[in-house]
Amino acid sequence: MEVLERYWVAHPEFVWIPCWFHNVREEDVATLVADDGTTVQLPPSELQTLAKASEREVCGVEDICTLDSVTEGTLLHNIRVRFSKKLIYTNIAGILIAVNP
């Protein structure tokens, strides 16, 4: 079984989304696929500039400070995931973020 890596990729609507790296095709295009099936194609050289996304970064944690790496992508995605689960409160240490439904 092939082990795929997940990266944070810029997105026009969601700003950042986690995408699975699938392959580099003959045309020198790296193909990444988001969980919703959205396909993103980049030059392979850009793959090295992307931050890797761990499973914990994409699951929606209660306190952002418990993540190994905090980036714009991890922060926005975690709040979005928690909001979709009807969890409108997210902590950043002693700071509370509330997103109105």
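Q: In which helix is the place of glutamate 57?
A: The model discussed here is predicted. Within it, residues 55-58 form a helix, and glutamate 57 has its place there. The helix in question is H2.

Q: How far from glutamate 57 is the nearest side chain of opposite charge?
A: Glutamate 57 is buried and has no salt bridge. A salt bridge would require a side-chain nitrogen of Lys or Arg within 4 Å of a carboxyl oxygen. Residues that glutamate 57 touches, beyond those up to four places away in sequence, include Trp8, Lys52 and His77. The nearest side chain of opposite charge belongs to arginine 6, at a distance of 8.4 Å.

Q: What is the order of the strands in the open sheet, and which strands stand at its edges?
A: Four strands make up the open sheet, with antiparallel pairing, in the order E1-E2-E3-E4. Two of these strands have a single partner strand each, so one side of each is left without a neighbour in the sheet. On average, neighbouring strands are turned by 45° against each other, direction ignored. The edge strands are E1 (6-11) and E4 (39-42).

Q: Which residue in E2 is the bridge partner of valine 9?
A: E1 and E2 (residues 15-25) run antiparallel and are joined by six bridges. In E2, the bridge partner of valine 9 is isoleucine 17.

Q: What angle does the direction of helix H3 make with that of E2?
A: Helix H3 spans residues 72-84 and packs on the sheet. The strands it touches are E1 and E2. Its direction makes an angle with that of E2 of about 110°.

Q: Is leucine 47 buried or exposed?
A: Leucine 47 lies in helix H1 (residues 44-47). Leaving aside neighbours within four places in sequence, leucine 47 is in contact with Tyr7, Phe21 and Leu32. Its C-alpha atom is separated by 8.9 Å from that of phenylalanine 21, 26 residues apart along the chain. Since buried means under 20% relative accessible area, the value of 13% places leucine 47 in the class called buried.

Q: How many disulfides does the model contain?
A: A disulfide needs two cysteine sulfur atoms within 2.5 Å. For cysteine 19, which is buried with a relative accessible area of 0%, the nearest cysteine sulfur is that of cysteine 59, 17 Å away. Cysteine 65 is partly exposed at 44%, and its sulfur is 15 Å from the closest cysteine sulfur, in cysteine 59, which is too far for a bond. The count of disulfides is zero.

Note on methods:
Residues are numbered from 1 along each chain as its sequence is written. This is a predicted model: local features need pLDDT of at least 70, side-chain atom pairs count only at pLDDT 80 or more; totals for chains, interfaces and linings use all residues. Side-chain values use heavy atoms; hydrogens and water are left out. Two strands pair if DSSP finds at least two bridges between them. Helices (H or I, at least four residues) and strands (E, at least two) are DSSP runs, numbered from the N terminus. Axes are lines fitted to C-alpha atoms, for helices over the stretch in contact, and angles run from 0 to 180 degrees between N-to-C directions. Contact means heavy atoms within 4.5 Å. Buried means under 20% relative accessible area, exposed over 50%, partly exposed in between (1.4 Å probe, protein chains only). Lys and Arg count as positive and Asp and Glu as negative; His and the chain ends are not counted.
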